[in-house]
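Me: I have a model open and want to learn how to read it. Can you take me through a helix and then a contact between chains?

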Protein chains: 2
Amino acid sequence: MKLSTRTRYAMRAILELANYYGKGPLQTRIIAKNQDISIKYLEQIMSALKSTGLVRSQRGARGGYILANPPEKIKLSDVFDVFEGPVVTVECVANENYCSRSENCVAKQVWCEVQRAVRNVLQSTTLQDVIDKAKVTKSDYQI
Amino acid sequence: MKLSTRTRYAMRAILELANYYGKGPLQTRIIAKNQDISIKYLEQIMSALKSTGLVRSQRGARGGYILANPPEKIKLSDVFDVFEGPVVTVECVANENYCSRSENCVAKQVWCEVQRAVRNVLQSTTLQDVIDKAKVTKSDYQI
DNA sequence: TCTAATCCTATTAATACAATGGGAATAGTA
DNA sequence: TACTATTCCCATTGTATTAATAGGATTAGA
């Protein structure tokens, strides 16, 4: 069970946007440089973030991306779900009809609990929370 | 972030063994039938479980697999780790040298917390716990 | 008009996953 | 001993996903 790099990159990219919030649009080029990510790959990721409404874009020169909402309104789960989907562990947890055992399956209950634990962390943390933490630990430049 | 079927199958298979504990070896054939898993695929999975020491095998006629330890001594994380490895979220959480940002990276801290949440569930639950739960909810046959 | 940006679509190499299949080795049993 | 049921071992394969890379169209500011 490993996160895709898309999710990792998306999280780091949107944290950059959160950190830049209020200062206008931030370019993919800058984010890519700060985070050591291929520009072209990041473009695709930003595009996906945009299509889910998490960020807004400004085309043309001096364009870039801006968070669609203030950092304290965006939960980590919002970002996570863009690429990892609502399914964290197994299909049957999200889709009742996936397996006939579903109703009484103990294994499913296990995965449900794991999924709940993950979602609990991601839903209870906002981008702002992470930014604040970064400032306290003096590691904001390493977002 | 989805579990591999190997992990799902392994969990269901070892829960069958746990439920059968004390009654001698249980055959792959039986488990495969009970759980609707391809025998050949399950063979590979059982072999992996064996090589990590979670189960023991008895070859030849009337052979099969037995838990290497009583169900209350085996944690779900033991099974989980066979196929999902120690890495639940991102490489850098387990391997400090994976990324130069590691030391101050806030994104990493996020994934660390998620990982901790997952491991907390899996490490605090034993096979016996699951069996007991199954009996209470009368769904033991659906393990 | 130039430039810098997003946007859109296609392609690709590598990898992992989820099996499937054949047959050797082993052990109980009649 | 012969038979049978099992684990064990190894090879192959189809499919899907990932992680990019690439080219160029569109847009907007200076």
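Me: Which residues of α6(B) are buried?

Reply: First, the general idea. An α-helix has 3.6 residues a turn, so residues three or four places apart point the same way. Now the case here, in a predicted model. The buried residues in α6(B) include B:V106, B:A107, B:K108, B:V110 and B:W111. B:V114, B:Q115, B:V118, B:V121 and B:L122 are buried as well.

Me: What do the buried residues of α6(B) pack against?

Reply: Elements of both chains. From chain A come α1 (5-19), α4 (76-84), α6 (106-123) and α7 (127-136). From chain B come α4 (76-84) and α5 (91-94).

Me: What should helix α6 of chain B span?

Reply: Count 1.5 Å a residue. The 18 residues of helix α6 (residues 106-123) of chain B should then span 26 Å. The end C-alpha atoms are 25 Å apart, which agrees.

Me: How many residues does the contact take from chain A and from chain B?

Reply: It takes 33 residues from chain A and 33 residues from chain B. On the side of chain A that touches chain B, α1, α4, α6 and α7 each supply at least two residues. α6(A) gives the most, with 11 residues. That side of chain A divides into 21 nonpolar, five polar and seven charged residues.

Me: How are the two copies related?

Reply: In general, two copies of a chain are related by a rotation about an axis and a shift along it. Here, a rotation of 180 degrees with 0.0 Å of shift along its axis superposes chain A on chain B, with an RMSD of 0.0 Å. The two copies are therefore related as by a two-fold rotation axis.

Me: Why do the copies meet through the same surface?

Reply: Because 100% of the interface residues of chain A are also interface residues in chain B.

Conventions. Residues numbered from 1 in each chain as written. Chains lettered and ligands numbered in written order. Predicted model: local features only at pLDDT ≥ 70, side-chain atom pairs only at ≥ 80, totals over all residues. Helix = DSSP H or I, 4+ residues; strand = E, 2+ residues; numbered from the N terminus. Expected span 1.5 Å × (residues − 1). Buried ≥ 20, exposed ≤ 12 C-beta atoms within 10 Å, placed from the backbone. Contact = placed C-beta atoms within 7 Å. Nonpolar A, V, L, I, M, F, W, Y, C, P; charged D, E, K, R; others polar. Least-squares fit on C-alpha atoms with pLDDT ≥ 70 in both.
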